[in-house]
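Here are a few notes to read with the model open beside you. Take the points in order and look up each residue as you go.

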Amino acid sequence: MSYSNIKKLVYQRTGLTFDAYRTMILREKISRQMTALDMDDMETYCYEISRNKELFDDLVDGLTINESYFYREAYHLDCLSQWVVPKLMTGETGKEEISILSAGCSTGEEPCSIAMALDQAHGPSALARLHISGVDIDRTALSKARAGIYGKWKVRQLTPSMLSRYFDPIHGDRFVVKPDILKKIVYYHHNLMDKPMAKMRHAMDFIFYRNVSIYFDTTTRVKVLSHLDRMLKPGGYLVMGATETLSHNTGQLPLVEMDGCFVYQKPAKSTPAHCKTGGSSGEDHPWESAPGPDSPPGEEGEPATDGTSMENSMFLYEKSLTLARQKEFDHALALLEPVLEKKDGMMEKAGILRAGLLIQKGDTETAGRLCRQFIETNPHCAPACLLLGMIAGMDHHPREGLKRFLETTHIDPGNWLAHFLMFQTYQALGNQNKASRQAAIVISLLEKGRESHHGLDYFPFSFSREDILQLCRKQSTLNV
Ligand SMILES: C[S@@+](CC[C@H](N)C(=O)[O-])C[C@H]1O[C@@H](n2cnc3c(N)ncnc32)[C@H](O)[C@@H]1O
């Protein structure tokens with residue numbers, strides 16, 4: 001018995017697969033649990049974990065990625081509130097009550113956003129006719145959801161008026177969801193790999209299943225979809241994240257366009273014949289006959305090789321970016337490793353982010369090597385050129401820096417940051433004429449609203465846009 005047996009067990013029961021990052025977390029958790037249980041024998045631990053549900057659930061808590069925030073992919077909320085709910089409430093069917101499930105609700109931002117969006121669009125009387133539930137496998141996430149307390153980062157998409165309407169501020173930078181919203185949502189600890197709870201069978205008008213399947217392989221996706229299908233009422237809708245929708249378009253649930261959003265809709269009457277082929281239990285769950293999972297894809301540290309790879313890389317990249325902005329540099333770097341190992345379409349972006357993080361940590365040598373590798377394979381990689389210029393500046397080689405910034409502007413003429421860094425370098429070298437010329441270019445680019453155009457997703461500015469404009473204006477008036 002070893003780590004790979006535990007991974008296999010976790011995969012079979014939850015669908016979670018293991019890249020290098022999750023393997024690292026698993027090892028840490030196992031070691032913590034074994035210490036707490038005073039166990040030093042891996043075989044006994046494996047046996048315990050396979051038969052003791054409490055222990056197994058503890059292990060899974062913290063293995064999942066719970067990233068979520070309010071009004072994520074808000075167009076789904078618009079779609080739900082502006083088009084679907086009025087239709088269900090006042091349309092031909094005249095339904096009075098609507099049930100919505102957030103499957104993989106994490107810390108509650110998604111179900112709360114649903115309640116807020118519907119309250120905002122239709123008022124408290126509509127809210128009273130809604131039943132909103134959230135399920136998740138992670139009990140720690142669920143207790144946070146029940147508490148309803150969030151930091152500033154989680155509410156970053158909300159307007160100040162939404163924030164004051166639906167939250168009460170508490171000490172520091174934290175906010176608690178107002179009771180009329182919080183009490184609307186019922187949370188359940190549930191594994192989507194398990195059969196649906198009796199009360200949820202054929203009960204849902206809507207299921208939000210967003211940003212959950214990105215971690216699943218095809219076998220798991222098929223199995224979870226069969227369970228979600230069983231939870232939907234005939235005619236009910238399944239809403240998935242933008243990156244997930246197409247990868248689930250296997251033909252079993254029809255994809256329909258609704259107010260500009262693509263969602264799946266369960267057929268209103270009986271399940272079409274083609275969906276029933278191969279089913280064995282007689283219920284309308286067309287995917288049930290798919291082979292059950294028996295082994296995790298990839299061995300120790302190996303990435304999954306199916307279509308989830310790119311989506312997973314995108315997610316890990318975003319997560320790493322968030323951590324970088326929170327100054328969690330080591331954690332952010334660890335998340336990028338599996339992305340770089342996979343060498344997929346996210347590799348260049350991940351490499352540039354890695355180089356930026358290494359610069360932050362003072363390792364300009366490795367960062368420089370990484371950037372040069374990118375330029376060897378792609379001579380038009382402007383962000384790598386830009387970073388090399390910054391590294392040269394830090395290493396007191398301003399002329400080498402200028403050469404790199406110039407290269408950057410040849411590749412990417414609108415890159416205001418390269419022009420700004422040239423302005424600063426010329427200024428430091430005492431060349432006021434050239435500094436003024438660059439300052440004028442920066443002003444013109446920033447005044448055209450190009451402040452996000454510099455090619456680096458992560459770059460901690462010590463100056464605001466206004467500071468930069470002020471510095472450049474001061475210079476450009478000196479020598480024109
Ligand atoms: C990234 S969060 C997505 C949260 C939210 N749906 C959103 O889009 O913001 C994914 C959630 O899915 C949950 N999850 C993963 N596997 C699960 C499973 N087998 N059963 C239930 N929940 C699961 C994780 O615990 C995590 O909280």
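1. From H17, Ala 382, Cys 385, Leu 386, Leu 388, Gly 389, Ala 392 and Gly 393 meet Pro 398, Glu 400, Gly 401, Arg 404, Phe 405, Glu 407, Thr 408 and Ile 411 of H18. Contact is called when C-beta atoms, placed from the backbone, lie within 7 Å. Sorted by class, these residues are 8 nonpolar, 4 polar and 3 charged. (Nonpolar covers Ala, Val, Leu, Ile, Met, Phe, Trp, Tyr, Cys and Pro; charged covers Asp, Glu, Lys and Arg; the others, Gly among them, are polar.)

2. Keep in mind that this is a predicted model: local features need pLDDT of at least 70, side-chain atom pairs count only at pLDDT 80 or more, and totals for chains, interfaces and linings use all residues. Residue numbers start from 1 along each chain as its sequence is written.

3. How do H17 and H18 cross? The axes of H17 (residues 382–394) and H18 (residues 398–411) come within 7 Å and cross at roughly 165°. H17 and H18 are therefore roughly antiparallel (angles over 145 degrees).

4. Now try H2 (residues 20–36) and H14 (residues 329–342), whose axes come within 7 Å and cross at roughly 135°. H2 brings Ala 20, Tyr 21 and Met 24, while H14 brings Ala 334, Leu 335, Glu 337, Pro 338 and Glu 341. That contact has 6 nonpolar, no polar and 2 charged residues.

Terms used. Axes are lines fitted to C-alpha atoms, for helices over the stretch in contact, and angles run from 0 to 180 degrees between N-to-C directions. Helices (H or I, at least four residues) and strands (E, at least two) are DSSP runs, numbered from the N terminus. Angles under 35 degrees count as roughly parallel, over 145 as roughly antiparallel, 65 to 115 as roughly perpendicular and the rest as oblique. Two residues are in contact if their C-beta atoms, placed from the backbone, lie within 7 Å.
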